[in-house]
Amino acid sequence: MYVVEIKNLCFAYEKDMVLENINLTVGEKDFLAIIGPNGGGKSTLLKLILGINTSKTGTVTVLGKTPTQSLTQIGYVPQNTNVNTDFPIKVIEVVMMGHVEGKRPLFGYGKHEVLCAMGALKQVGMADFAQTKIGSLSGGQRQRVMIARALCAHPQILILDEPTSSIDITGQREIYELLKVLNEHITVIVVSHDISVILEYANKAAHVNKTLSFHDISDKHSTFHTHGNDEHFCEIELLQMLGSENCDTCTSTGSATDDTSDTSTSSVNDTNLSVAEPVEAKIKWRLKP
Amino acid sequence: MIEALQFDFMQHALLAGILVSFAAGIIGSLIVVNRMVFLAGGIAHTSYGGIGLAVYFGLPIFLGASLFAVGAALLIAALTLKKRHRMDTFIGLIWAVGMAIGVIFVDLTPGYNVDLMSYLFGSILAVSTQDLYFMAGLLAIILAVVTFKYRDILAVSYDSEYAGLRGVNVRFFYTLILVLSALTVVVAIKVVGLILVIAMLTIPVYIAEKLSNSLFSMMFLSGAIATLFTLVGLWFSYTYDLTSGASIIIVSAASLGLFLLLYREK
C-alpha cells in the first residue's frame, strides 16, 4: 500500500492553475525530496497532502484515507519556525502541542504527555533544553524542537517544509542526519532548496513547477555523475537530471562542468533511462564513463 | 490616603482598580502575544458607538458598550480570519465608524446629559456596586477560561496553523480571545477610559514578558504589575488632585522607562 497517493490532481487558489495533473506515489519508508522554483507549487502540494487545501479535481489519499482522516498519522514541521521568537513559552510546552486531541486532564498536561514529549525531545537530542525558553535557542535547535513536536504524535509520515532554510551548513547537515535516522521507521517528505544536500539523503525526488516530474534516485552511483567524491552532488547534475527544458542542452552544460572538474572531458555518454514513474519528458542524463 | 478609605467611592475605586487591572493584565498578555494590540485599540474606540446608542435609547451604559464592543469583536473576527493581511484596514475602518456612530447618537440625544470626557479618560471614582459585580464576573470568566482552556489558547496563540492541524478549533478560540478583549476594554473604560486603555493592556505585559518564561506566568505577573500601577496611580491622583486614568498611565510609563533602564537582556 502506498503511504501517499495522488491521482490526476489539479489545484488553483483563484483562477491560475498552481498545480496541474499531478500524479505521485510515496511508498513506506521512502525519503522523498520535493524541489522546484519558488512559486512552483511545492508548499501548495504539501498543504494538499495535509488537507489544509482541498481540490475538486483529482484525489489525494494518505494511508488509504482522506488527508483529514489521516491527519493524526502525519507529523508536520512548518516553514518559518523563526517567527514569534519573543513568545514566552518553554521547549517542552511547544513539543506537547504536537499531541493529538484525546484523553487529557482538566487542567494542565497529563503525565503520559510529558513523558511522551520528553521521549520525542530525546530522539532529536534536545532533552536538556526542555525547560528553556524557545526564543533563546538557535535556529537549528529550534528546528529540532519543531521536529520533536511533529514526532510527539508518533506519526507514520513526517512532512517538513523547508526545514533548513535559515540554518547554517553544519546545522543543516545535522538536521538531515537526524531525518536519516528517523527515516528508518517512518516515511519522510521534505520540501527544500538545498538540493545538493538533500539528494544525499533522499531516495525519491519530485521536481514541482506546476507539473511534477518524479525520479527514483535510490541508486545514486549508477545514475549520477560525481566528481570523484562519492558524497557530492551539485546543482548542475541535478538540473540536468530534473529540468526537462534543460535536457536538450544538457550535453553542452555537462561538458562545461567537466572542463573544470574532470580530466576525461572528451567522451560524454548520453543515455536514455526510463524512470520508475511516468514522466512526460524523457530525461537524458550522463553516466560516468 | 488611608482616611479616604472610609468613603464608599474610594473603596469602590480601589476594588475596581484591582479587578480591572488583573483582567487587563491577563487579557493584555493574550493581546500582545497574538499581536492584536491595534485590534484591541480598534475595539476600544468602537465601543464608543455603544455608549452613544445607550445614551440615546436610555439603556445602561455598560450594557450598550458591551454589546457594541462584542459585536465589533465578532465582526473583526469574521473579517480577519480569512484575510489576515488586510486586518489593519478593517480595524482602522471599524475604529472610526464606531466613534462616529457614538458622536452622532450623543448629538441626537436631547439635552447634553452625559460627561463624555469620563468615558474617554475614565471615572474610577464613580464606580457603582453594579459595576463592581460586572467586573468581578468578567474576571471570574477570564480566570476560568485561561485556566481550563490554557493549552488550547497557548496553541492557537503560538502557532495557529499547527493548532488547527492538531484538531484545535482555531476559529472558536480566536473569536473567544477577541470577545474577552472587548469585554475587558469595556470594564477598563471605567478605570482609565477608552483612549488610555491601550497602555494598560500593553505596558505591564511588556515588563512581564521579559520576566517570564511561560504564558501562564506572564499573564499573572502582568496582572500583578497592572494592579500595582493602578494603586500607585490612584494614590497620585488622590494626593495631587489629578485625573485618575492619566495618572495610572503616567505611573506605568515611568515604571516602564525605569525598568528598561535597569533591566539588561541576558
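1. In chain B of this predicted model, helix H1 (residues 8-33) and helix H10 (residues 197-211) have axes that come within 8 Å and cross at roughly 75°. Because angles of 65 to 115 degrees count as roughly perpendicular, that is the description that applies to H1(B) relative to H10(B). On the H1(B) side the contact is made by B:Ala24, B:Gly25, B:Ile27, B:Gly28, B:Ser29, B:Ile31 and B:Val32, while H10(B) contributes B:Met200, B:Leu201, B:Thr202, B:Pro204, B:Val205, B:Ala208 and B:Glu209. Sorted by class, the residues of this contact are nine nonpolar, four polar and one charged.

2. The largest nonpolar core contains 158 residues, and A:Val95, B:Ala23 and B:Val197 are those with the most contacts inside it. Helix H9 of chain B (residues 170-192) gives the most to this core, with 14 residues. When residues up to four places away in sequence are left out, B:Ala23 touches B:Leu138, B:Leu139, B:Ile142, B:Thr184 and B:Val187.

3. Turning to the contact between the chains, 18 residues come from chain B and 18 residues from chain A. On the side of chain B that touches chain A, the elements giving two or more residues are helix H6 (129-148), helix H7 (150-158), helix H8 (160-165) and helix H11 (215-240) of chain B. Of these, H8(B) gives the most, with four residues. The residues on this side of chain B divide into ten nonpolar, five polar and three charged.

4. Chain A holds an open sheet of three strands in the order E2-E1-E4, with antiparallel pairing. Strand E2 (17-26) and strand E4 (57-62) of chain A each have a single partner strand and stand at the edges, so one side of each is left without a neighbour in the sheet. From one strand to the next, the twist averages 20°. Strand E1 of chain A (residues 4-12) pairs with E2(A) in the antiparallel sense over six bridges, and A:Glu5 stands opposite A:Thr25 in E2(A).

5. A second pairing in chain A involves strand E5 (residues 74-77) and strand E6 (residues 157-161), which run parallel and are joined by four bridges. Within this pairing, A:Tyr76 has A:Ile159 in E6(A) as its bridge partner.

6. Helix H1 of chain A is mostly covered, since seven of its nine residues are buried. The buried residues in H1(A) are A:Lys42, A:Ser43, A:Leu45, A:Leu46, A:Leu48, A:Ile49 and A:Leu50. H1(A) is followed by A:Gly51, whose phi is positive, near 80°.

7. Is A:Ile52 buried or partly exposed? This residue lies in the loop between helix H1 (42-50) and E4 of chain A. Because a residue is buried with 20 or more other C-beta atoms within 10 Å and exposed with 12 or fewer, A:Ile52, with 17 C-beta neighbours inside 10 Å, counts as partly exposed. The C-alpha atoms of A:Ile52 and A:Ser192 are separated by 20 Å, and these two residues are 140 residues apart along the chain.

Definitions and conventions: Residues are numbered from 1 along each chain as its sequence is written. Chains are lettered from A and ligands numbered from 1 in the order in which they are written. This is a predicted model: local features need pLDDT of at least 70, side-chain atom pairs count only at pLDDT 80 or more; totals for chains, interfaces and linings use all residues. Two strands pair if DSSP finds at least two bridges between them. Axes are lines fitted to C-alpha atoms, for helices over the stretch in contact, and angles run from 0 to 180 degrees between N-to-C directions. Two residues are in contact if their C-beta atoms, placed from the backbone, lie within 7 Å. Ala, Val, Leu, Ile, Met, Phe, Trp, Tyr, Cys and Pro count as nonpolar, Asp, Glu, Lys and Arg as charged, and the others, Gly among them, as polar. Angles under 35 degrees count as roughly parallel, over 145 as roughly antiparallel, 65 to 115 as roughly perpendicular and the rest as oblique. A nonpolar core is a set of buried Ala, Val, Leu, Ile, Met, Phe, Trp, Tyr and Cys residues joined through C-beta atoms within 7 Å.
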